[in-house]
Amino acid sequence: MVSIPEYYEGKNVLLTGATGFLGKVLLEKLLRSCPKVNSVYVLVRQKAGQTPQERVEEVISCKLFDRLRDENPDFREKIIAINSELTQPELALSEEDKEVIIDSTNIIFHCAATVRFNENLRDAVQLNVIATQQLILLAQQMKNLEVFMHVSTAYAYCNRKHIDEVVYPPPVDPKKLIDSLEWMDDGLVNDITPKLIGDRPNTYIYTKALAEYVVQQEGAKLNVAIVRPSIVGASWKEPFPGWIDNFNGPSGLFIAAGKGILRTMRASNNALADLVPVDVVVNMSLAAAWYSGVNRPRNIMVYNCTTGSTNPFHWGEVEYHVTSTFKRNPLEQAFRRPNVNLTSNHLLYHYWIAVSHKAPALLYDTYLRMTGRSPSNHWSITTLHSSRVSFLSYFLPTKSWESSHPDNHNGVITYLEPDILECEMKKWRLNEVLFERSYCIKLRNIRYGFNTILVILIWRIFIARSQMARNIWYFVVSLCYKFLSYFRASSTMRY
Ligand SMILES: NC(=O)c1ccc[n+]([C@@H]2O[C@H](COP(=O)([O-])OP(=O)(O)OC[C@H]3O[C@@H](n4cnc5c(N)ncnc54)[C@H](OP(=O)(O)O)[C@@H]3O)[C@@H](O)[C@H]2O)c1
């Protein structure tokens, strides 16, 4: 069987989502580990006044591509930026670009999606379902297409307890939903969204489930594979450990914990934390496309790219590692010392939110106001809760899913050359980040000092109101005084 780099040799790859978290890593890895790939067409839209070419230049000038720049300085010539707005009819491709793509594409990686959990249903369907449909229509016209690789999510069927490597029936027929959305106004769509998504937590996951069905049904004549990552985190090893460029998902929470802003979360210590490093997802996708390209399996291949069943890691362990790592290696300008507590008790959670999140933020904001600076801590806490904690809350608290990867996943791993594409999740654990230690000690001292002042204040109030407290206080003070006098006397006797 040809090796992975041999398979990609001379191939033209089409990639969507290359400006996103996963797409960037895939682009870098493909060009670095398969240097004889012929070209990579990246479908990128214009954004913020930048042309697709300018956006690609920005992507490849980031730190992620440092290693590739060193190893293969001419890689830039292989990337062809193509202007494409995926939500437009026919993906807004020009006739010339369409012709080139149809004539020469061999492998498609479809990574683009809206990953916003609170996206309105119409927009989520437009990008995650209709754009996928359009890409499949284009793929069907391609003369030399070998593989269509679709990136989904392990939570597409999170309403099920056990998730196998198969495409399950969709919650609704995507065609019927698309037709209905055409005549419904936005108000009506918003009203029926909770009913439609049912036992799925958000429109993102709902539309990703529909997209899988579209890929299976409409791509039936293509050689299709689906990779389903769980929660994608920073890189494990490649191109270097700990790379991440956004605070979406758990990374945002880890940083908030490291900064001492996030001190409590509603979660069960025993729930599975199904985190998977981005380089493992990318390796799995490249390997899965190679496997389908070489073996031409008769059925659609689905890969659950998860860690829960091979290397179970629980939120309690995540809490321990995140807290201890940031205590040893604190982040600059941390607000408080990192110390996160998970609790599955509703009342306790709200108590800690009030005591550990809101009260310190309000106190510090008051201090900032009094010293003429603009307060932002309460705002940060509120934003953190509305943007991260509440959206991720479905995945954190008490739920765990079992996703199997019996044949497909393990089958691919068996064939891999481990030094080229490492997909083995049994070995993976959270990476550590290095920061300055002295700052953490300073924060710890501030905390101790603050707690001491608080205890003294409470005690003073107590003493003012109770005779018994006064008696105990005088007793303790006189004891301390006697102790000190004894020490002074014994040290003078020695001289
Ligand atoms: N991140 C995770 O934890 C995770 C977990 C499981 C599965 N996944 C899947 O992995 C894939 C990639 O996710 P990600 O985390 O890399 O997301 P991301 O960082 O938000 O990237 C999304 C990509 O899609 C592109 N895109 C969005 N709307 C577009 C449009 N209208 N036209 C053209 N391109 C458009 C974005 O381009 P712009 O830069 O132009 O916006 C960007 O390149 C998705 O399919 C997602 O479902 C991700």
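pLDDT is the predictor's confidence in each residue, on a scale from 0 to 100. Across this chain its mean is 85, and 86% of the residues reach 70 or more.

Two notes before setting off. This is a predicted model, in which local features need pLDDT of at least 70 and side-chain atom pairs count only at pLDDT 80 or more, while totals for chains, interfaces and linings use all residues. Residues are numbered from 1 along each chain as its sequence is written, and side-chain values use heavy atoms, with hydrogens and water left out.

**The whole chain**

Begin with everything in view. The chain has 17 helices and 13 strands; these are DSSP runs, numbered from the N terminus, with at least four residues (H or I) for a helix and at least two (E) for a strand. Of its 495 residues, 49% count as buried, where buried means under 20% relative accessible area, exposed over 50%, and partly exposed in between (1.4 Å probe, protein chains only).

**Strand E1**

Now select residues 12-16, which form strand E1; 5 of its 5 residues are buried. Turn the view to see both faces: Asn12, Leu14 and Thr16 lie on one side, with Val13 and Leu15 on the other.

Two strands count as paired if DSSP finds at least two bridges between them. Look for Asn12 opposite Ser39.

Next, show helix H2 (residues 21-33): E1, H2 and E2 make a right-handed β-α-β unit. Right-handed means that, with the strands pointing away from you, the path from the first strand over the helix to the second runs clockwise.

Then select strand E4, residues 107-110, which pairs with E1 in the parallel sense over 4 bridges. Here Leu14 has Ile108 as its bridge partner, and Leu15 stands opposite Phe109.

Which order do the strands of the open sheet follow? The 7 strands run E3-E2-E1-E4-E5-E7-E11, with parallel pairing. At the edges are E3 (79-83) and E11 (301-305), each pairing on one side only.

Now colour helix H9, residues 203-218. H9 packs on the sheet and touches E5 (147-151) and E7 (224-229); a contact means heavy atoms within 4.5 Å. The direction of H9 makes about 160° with that of E7, using axes fitted to C-alpha atoms, for helices over the stretch in contact, and angles from 0 to 180 degrees between N-to-C directions.

**Last stop**

Finally, select residues 427-436, where pLDDT stays under 50. For this stretch the model has 34 contacts beyond four places in sequence.
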